[in-house]
Number of protein chains: 2
Amino acid sequence: MELIDGKKISSQIKEEIAQEVEKIKENEGKIPHLAAIIVGHDGASETYVGHKEKACLQVGFNSTVVRFENDIAEDTLLRKVDELNKNTDIDGIIVQLPLPKHISEQKIIESIDPRKDVDGFHPINIGRMVIGLPSYVSATPAGIVELIKRYNIETSGKDVVVIGRSNIVGKPISILLSQKSEYGNATVTLTHSRTKNLKEIVSRADIVIVAMGQAEFLTADMVKEGAVIIDVGITRVKSDKTKSGWKLLGDVKFDEVSKKASYITPVPGGVGPMTIVSLLQNTLKSAKGEIYAKI
Amino acid sequence: MELIDGKKISSQIKEEIAQEVEKIKENEGKIPHLAAIIVGHDGASETYVGHKEKACLQVGFNSTVVRFENDIAEDTLLRKVDELNKNTDIDGIIVQLPLPKHISEQKIIESIDPRKDVDGFHPINIGRMVIGLPSYVSATPAGIVELIKRYNIETSGKDVVVIGRSNIVGKPISILLSQKSEYGNATVTLTHSRTKNLKEIVSRADIVIVAMGQAEFLTADMVKEGAVIIDVGITRVKSDKTKSGWKLLGDVKFDEVSKKASYITPVPGGVGPMTIVSLLQNTLKSAKGEIYAKI
């Protein structure tokens, strides 16, 4: 069994990005600039935006954080997005979700210029991804593909089972892996809460991607010997063995499944650390005009 | 075995649409208006556009056909699309493909206002479909879903195998059938040229959707007793039994597979006649402002 070390890979990629930014600076090129909007004071949102800001600074990007109170009007937020859309120094715009209930998240997402939509949530980027055109792919599926690449895991002709059909993980990763591409060409089955014979289906898979948010759901009896296991779940549970009184669990019962797997991602330290890296990669691509022509 | 009679269902739906248009006329409402652009004189394109025009007139829609010669400049075509985008009487715009090589099809598709994109080819409509928002679904997948509805075929929890991963059939139908919706909730496996154990995978399916374009590929030994078979393929082959010297074949070896199937679409007369109906339905939805707010 080989551990897929997302922490190590993400540090490595950050280092690669930092080197590229160094070269950009030497050549007096455009330094990538990410703008994040945060509304209110939700603890988790603050943490995420903090991590993203820190990661930008680590690799030498410019970073702007725009803060609004919870009672901000939707119009004001839309105007801010429009201002960032028009600001030619900004390469990427993200709006930390969730937003307060009086604001339509979808409306805000669709107001971001698709060329700066480095979260890859705009329908136009999702649609372009589906038909195989250059697009910003959202953080988690992009991070999974990156791990598969870096560990040289063969996907062509393999049977992949994805558990969970969310818009941000299950659906996009199932599309990406089935596509005609170097890290695609897999035969993908997308399973979900209505799937009847899940255990049987999963037991046939060469690669299992679990994104349900149900702690330790996937057990050893469900998986084939030698399968590749990608665990996207992350659930916080009480623990009397940690200082904090909490620990993080994935969707996979790691201790037992790791004994049968050929490759497996741990939680934490697997897919998680890759998501910020995907965001940095998308922002760099935007600054370089790799997805869309430079604005 | 019950035959899924696309010809009958499509006539029925056209009749329903015609009745609705009658009511719209009585109430002096907006009569749906479809504009089709055709470039050059390709025989097949002429036929398709002719059928679409005829169908519009049958149900009482207004229809405009714009013709250009093969040597039209891309800019001229873009200007025409823009003019139709701005024309508030036009509810739907389609550009008959293929276009001459000097014109970028993708550029033309993306120039159509997504609110008038009744072919459902614009990335924004594909993306909205993927995340479950109201959108125009393209003709073939929409037609398949309509047949499933009209024949009350249960999809929830069923194992569906789609053969062929094209942008206009395989990918969208696999997404639609796996979605949380009344005619979705299936466990879908998307197979393609790189799939290794196709026969084994297909043999487990409750519903098989074949969209490969390979005449009589699917044989009786591949399918489960009682499976539902949807045949999207259509290939013209020489025949000494028809007056024309040609006959049309689907991707399914109909004679033998029909003996094992619970439901099966014939070729011709199955999915084919449904595609024009989907286009009419999308144009009607546009005129009524059902997908997007009225322009």
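Let's start with strands β2 and β4 of chain A. In this predicted model, β2(A), residues 33-39, pairs with β4(A) in the parallel sense. The pairing runs over four bridges. One bridge to pick out: A:Leu34 has A:Gly92 in β4(A) as its partner.

Angles over 145 degrees count as roughly antiparallel.

Next, the sheet as a whole. How many strands does it have, and in what order? Three strands, in the order β3-β2-β4 of chain A. The sheet is open, and the pairing is parallel. At the edges stand β3(A), residues 62-68, and β4(A), residues 92-95. Each has a single partner strand, so one side of each is left without a neighbour in the sheet. On average, neighbouring strands are turned by 15° against each other, direction ignored.

On to helix packing, and over to chain B. Two packed helices are described by two things: the angle between their axes and the distance between the axes. Take α1(B), residues 6-26, and α2(B), residues 43-59. Their angle is about 55°, and their axes are 8 Å apart. That makes α1(B) oblique to α2(B). Which residues meet there? From α1(B), we have B:Lys14, B:Ile17, B:Ala18 and B:Val21. From α2(B), we have B:Ala55, B:Gln58 and B:Val59. By class, this contact has five nonpolar residues, one polar and one charged.

Helix α6(B) covers residues 139-150, and α10(B) covers residues 272-288. Their axes are 8 Å apart, and the angle is about 100°. The range for roughly perpendicular is 65 to 115 degrees. So α6(B) and α10(B) are roughly perpendicular to each other. On the α6(B) side, the contact is made by B:Ala139, B:Thr140, B:Ala142, B:Gly143, B:Glu146 and B:Leu147. On the α10(B) side, look for B:Met274, B:Thr275, B:Val277, B:Ser278 and B:Leu279. This contact divides into six nonpolar, four polar and one charged.

Now the two chains together.

How do the chains meet? 25 residues of chain A are in contact with 24 residues of chain B. The largest share, seven residues, comes from α5(A). By class, the chain A side has nine nonpolar, 11 polar and five charged residues. And 96% of the interface residues of chain A are also interface residues in chain B, so the copies meet through the same surface.

Look at β6 in particular. Find A:Thr189 on your screen. Its bridge partner in β6(B) is B:Thr189.

Last stop: some backbone details. First, cis peptide bonds. In chain A, one joins A:Val267 and A:Pro268, with omega about -5°. A:Pro268 is in the loop between β11(A), 263-264, and α10(A), 272-288. In chain B, the bond from B:Leu97 to B:Pro98 is cis, with omega near -5°. B:Pro98 sits in the loop between β4(B), 92-95, and α4(B), 105-111.

Then positive phi. A:Asn152 has phi near 50°, and this residue is not a glycine. Its loop runs between α6(A), 139-150, and β5(A), 159-163. Is A:Asn152 buried or exposed? Exposed counts as 12 or fewer C-beta neighbours. A:Asn152 has 7 inside 10 Å, so this residue counts as exposed.

B:Asn185 also has a positive phi, about 60°. B:Asn185 lies in the loop between α7(B), 170-178, and β6(B). Is B:Asn185 buried or exposed? Buried needs 20 or more neighbours. B:Asn185 has 21 C-beta neighbours inside 10 Å, so B:Asn185 counts as buried.

Note on methods. Residues are numbered from 1 along each chain as its sequence is written. Chains are lettered from A and ligands numbered from 1 in the order in which they are written. This is a predicted model: local features need pLDDT of at least 70, side-chain atom pairs count only at pLDDT 80 or more; totals for chains, interfaces and linings use all residues. Axes are lines fitted to C-alpha atoms, for helices over the stretch in contact, and angles run from 0 to 180 degrees between N-to-C directions. Helices (H or I, at least four residues) and strands (E, at least two) are DSSP runs, numbered from the N terminus. Angles under 35 degrees count as roughly parallel, over 145 as roughly antiparallel, 65 to 115 as roughly perpendicular and the rest as oblique. Two residues are in contact if their C-beta atoms, placed from the backbone, lie within 7 Å. Ala, Val, Leu, Ile, Met, Phe, Trp, Tyr, Cys and Pro count as nonpolar, Asp, Glu, Lys and Arg as charged, and the others, Gly among them, as polar. Two strands pair if DSSP finds at least two bridges between them.
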